[in-house]
Amino acid sequence: MPPALPEAVGAGAPPREIYLDACATAPPAAAVLEAMDRAHREAWANPSSLHGPGLAAAERLERDRQAIAASLGCGGDELVLLSGGSEAIHTALVGSDGPLEAGRVLLSAVEHPASYAAAAALARRGWDVQLLPVDRRGVVDLEILRSLLTPPTRLVSVLWGQSEVGTLQPIEAIGALCRQAGVRFHVDAVQVVGHRRVAFSRLPVDLLSCAAHKLQGPRGVGALLVRRGVRLEPLIGGAQEGGRRGGTEPVALVAGFAAALELADRRLAAHGGDDPLSSLRDPLLAALRQRQGVRLSGPEPDAAAGRLPHHISLLVDGPDGRPLGGRRLVRELARRGYAVSSGSACTSAGAAAGTAGTSAVLLAMGYGPAEAASGLRISLGPWNSPDDLAGLPAALEQARRRVAEAPG
């Protein structure tokens, strides 16, 4: 049987595990499920059809499109609805081939695997792909970026919020440099949307990707924001989405996306624009750091570079000071009732399939291979409470000792 949803989203039974893996995906909120159910019942038809049911679906789709656009600070004509963050990233990068002459594309050394896959597709089309180094916090070196914003650089793609180590990149500064150089700039905001206000109209950004399932919306829907005047080649041809993404629009998924954004906006507005999850995260982080062998990776929560407000990333050593395997710690914590992760979900899927188990992100930040395999990520959501977190430091200590004592 699948694990029960947290009680905060309306499940009838207590959860088997305390879910602390919001950066992988968030459980759908009750209001999201209700919005999707209404759309399935009332707006089930093809929104391109001209009969009554089709017009009802088209009306619902347009209403939710405008709500999503308003939440993200863009015009409805700047919003392209598609299947999620990975498709949005590929559309932004691969879709730039054609409108832009093949040249150099710059990515940070701590991107999501989807960005590297899209960059590899550009490389097969004649583009030169170059990675921007980061410091020990995972922050892009702006001086090196500045030096590379000369021909043949035509495209820059940077992840705003790093899912493994929580780093927030200085998007405004990067965007200003790209604007000065006349270089197209894409931002992967998948981990940021829902945790801070995003006003696309005021950002020095040409393209911005996001996904619903990171903020308690449904899987299978996301958005690419496209600045007016920026041309893209669609990956899927068709008349929908202004000719930028073909296929019958998933009206119910879009309704869930709009509902999730509305919930996130209300939560931020109620706390002066700040994510209240930071007040839940900070005491937990302080308690975890008091435990022997536990270190923070990525920036400090109050550092100038900034950290995602719901995010904790740790490196864990055994009693002998040697790094412990993060994946083994994840399994031990699961046995103790806590669902956490080691690295990004997409990277973990690759590791399970037989690729290297160390984190490329931690390696890029200057950690050695053993440390890069010891990463542990805890990411919180609105369904969590202080009571959920009270036993985690002790559980981590138990897991740490168990992994250190076990062979292999």
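I started with the loop between helix H5 (142-148) and strand E5 (153-159), where I found Pro-152. This is a predicted model, so I read each entry as a computed value. I checked the peptide bond between Pro-151 and Pro-152: it is cis, with omega about 15°.

Gln-216 came up, with phi near 70°. I placed Gln-216 in the loop between strand E7 (207-211) and strand E8 (222-226). Is Gln-216 buried or exposed? I read a relative accessible area of 9% for Gln-216. The cut-off for buried is under 20%, so Gln-216 counts as buried.

Glu-241 also has a positive phi, near 55°. I located Glu-241 in helix H7, residues 240-243. Its relative accessibility is 6%, so I logged Glu-241 as buried.

Then I turned to the cores. Which residues have the most contacts inside the largest nonpolar core? I listed Ile-68, Val-156, Trp-160, Phe-185 and Leu-208, in a core of 63 residues. Helix H8 (residues 251-269) gives this core its largest share, eight residues.

I noted a second, separate core of 27 residues. Among them are Leu-314, Val-330, Val-340 and Leu-389. As a general reminder to myself, nonpolar side chains tend to be buried together in soluble globular proteins.

Definitions and conventions:
Residues numbered from 1 in each chain as written. Predicted model: local features only at pLDDT ≥ 70, side-chain atom pairs only at ≥ 80, totals over all residues. Heavy atoms only, no water. Helix = DSSP H or I, 4+ residues; strand = E, 2+ residues; numbered from the N terminus. Buried < 20%, exposed > 50% of the residue type's maximum accessible area, 1.4 Å probe, protein only. Core = buried A, V, L, I, M, F, W, Y, C linked by side-chain atoms within 4.5 Å.
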